[in-house]
Amino acid sequence: MGASPLPPPPPPIHSVRYLDEEKQQEEEEEQKGEEDTGLKGENLHLSSKFPYLSQGFTKIFGKSLVGDVSSNEILNNKRLMQEIEDSERFQEYIHHLQHKVDCKAQNTKFYVMTPHPYGLGSQIHISAMSLLEAMVMNMTFIMPWTTRYVAPSRCKSQTWECSFMKISKCTLEDAFKAKKSQPKACNSPAVTSNAAKFLENKCSFIERRQRKKGAFNSEWFGYRPIINTLLSTARINEGEGGVGGGGGGRYGSLFVFREAVRYIIRPNPLMVNFTNYVRTQIKDLPQDVDMSQVMGVHIRHGEDKMKRPQYTAKDFATMIYQRLENEGRYRYVLLASNSGKAYKDLPKNLEDISRFKGIDFGTPKVVSVPGHFFSTIGTGDKNQDPFSTLKNHDSHSGHDEMMAMIAQLYILTSCGGFLGTLHHNFGQMVWELMSASRYTTLVNAHDMSGGVWFSGWVASGFPHGPLHFNPMGDTHL
């Protein structure tokens, strides 16, 4: 289990505020034992068996590695146990490259991700893809950049570790030392843009350039041999019952991608505490509610430079009632939206529809994370992203935009069903983490643009399109 919920305001949440890096490091060291062992109580034996999964986001809520499923239910479910074991092997594989490697050894290769200027969901997805690209090349992934979603008044460094566990024990300094010692040929773009030549020349350093699909400049990830290489190296013997593949029990792109996302956003003690605190602040959602009776909904309006399809609150209300007719179990709708209007319109539209449905279709209660967690706090900084919701550190409650958005993401992931738009990164992440927490693609996640999301992944190999790259061939990546 995660740490106990924090006391509600008005007192400031001093226990979760990191005003400088030294204080953060001290508190992380104090809680190191908890991070190492993961879940507590009745699931200690599961945590001992799955130490890498136990560091993930699933420790925040339920009683076990799989939401509210008990230890005995997990142990007695052969298919579920197999998928948990395979996820554990993949997490161990990541950990080996990121932490057990000798950072100063001559044969250690580094993949450095340069700053990514886009939204938080995009930052997480690009980081996950870059991690996988590094893994298939047997490289250690370094993510040294700062993110604007972390307020410097909360955590001076503004790095990923302000909210999550360390990506790697190796540093940017280690990577630059390796760069200096590599052959001169490795400075040529003709070598660094081609995987085969990169390996042939014994190069040891690559940077992921901004606004590119990957360090090797390719949409490589959907290519089946790459997935096979990752699974084989992770010692995953695919057989019947695998998830995320195109039939035959084969694991596919969803499996490896969700595991990369799981690793990237493993919460540190601060995020565990804060998420549990936020959960206690959702008005009208009972603390002991059966989360299978809660449908998570994400409505995004405006703020979309790519002009992708958008749907009204009435469209969402209609789809929610379609799910009620098919499943009939949702009593609550947990709404997340960047539109204040959606919080007023969705309940009204649900009530309007329920009048024509009869007594068997009571209106589900719409609940949400309180708005003060996402209030705009002006700083006068003209360089800030105009599409950012929370502009600065909330000094009273101790949170910033990163914390508020990730806490909401974790809570939505725990819902029994989800409705959103696949073409938005936030909606994709909810679905990916639902799959990660349940160890299956068969999750109740539906796309307003049509269909259940896992079918789209099987068809395309990856939500941004199929992949085309043979890492050992001569193709320019």
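A crossing of two helices is left-handed if the near helix is turned anticlockwise from the far one by less than a right angle, and right-handed if clockwise. By that rule, α6 and α11 cross in a right-handed way. Please keep in mind that this model is predicted, so local features need pLDDT of at least 70 and side-chain atom pairs count only at pLDDT 80 or more, while totals for chains, interfaces and linings use all residues. Residues are numbered from 1 along each chain as its sequence is written, and side-chain values use heavy atoms, with hydrogens and water left out.

**Helix α6**

- Helix α6 covers residues 120-136, 17 residues in total, and reaches 25 Å from its first C-alpha to its last, close to the expected 24 Å (1.5 Å times one less than the number of residues).
- Helices here are DSSP runs of H or I with at least four residues, strands are runs of E with at least two, and both are numbered from the N terminus.
- In α6, 17 of 17 residues are buried (under 20% relative accessible area, with exposed over 50% and partly exposed in between, using a 1.4 Å probe and protein chains only).
- After α6 comes Asn-138, with a positive phi near 60 degrees.

**The sheet and its helices**

- Three strands make an open sheet in the order β2-β1-β3, with parallel pairing (two strands pair if DSSP finds at least two bridges between them).
- Strands β2 (140-142) and β3 (205-208) are at the edges with a single partner strand each, so one side of each lacks a neighbour in the sheet.
- Strand β1 (residues 110-113) is joined to β2 by three bridges, and Phe-110 stands opposite Thr-140 in β2.
- Helix α6 packs on this sheet, touching β1, β2 and β3, and its direction makes about 165 degrees with that of β1 (contact means heavy atoms within 4.5 Å; angles run from 0 to 180 degrees between N-to-C directions, and axes are lines fitted to C-alpha atoms, for helices over the stretch in contact).
- Helix α7 (residues 172-181) also touches β1, β2 and β3, at about 120 degrees to the direction of β1.

**Where α6 meets α11**

- The axes of α6 and α11 (residues 253-264) come within 9 Å and cross at roughly 110 degrees.
- That makes the two helices roughly perpendicular (65 to 115 degrees, with under 35 roughly parallel, over 145 roughly antiparallel and the rest oblique).
- Contact residues include Ile-124, His-125 and Leu-132 of α6, and Val-256, Phe-257 and Ile-264 of α11.

**His-298**

- His-298 lies in strand β4 (residues 294-299) and is buried at 8% relative accessible area.
- Leaving aside residues up to four places away in sequence, His-298 touches several residues, among them Phe-316, Ala-336 and Phe-418.
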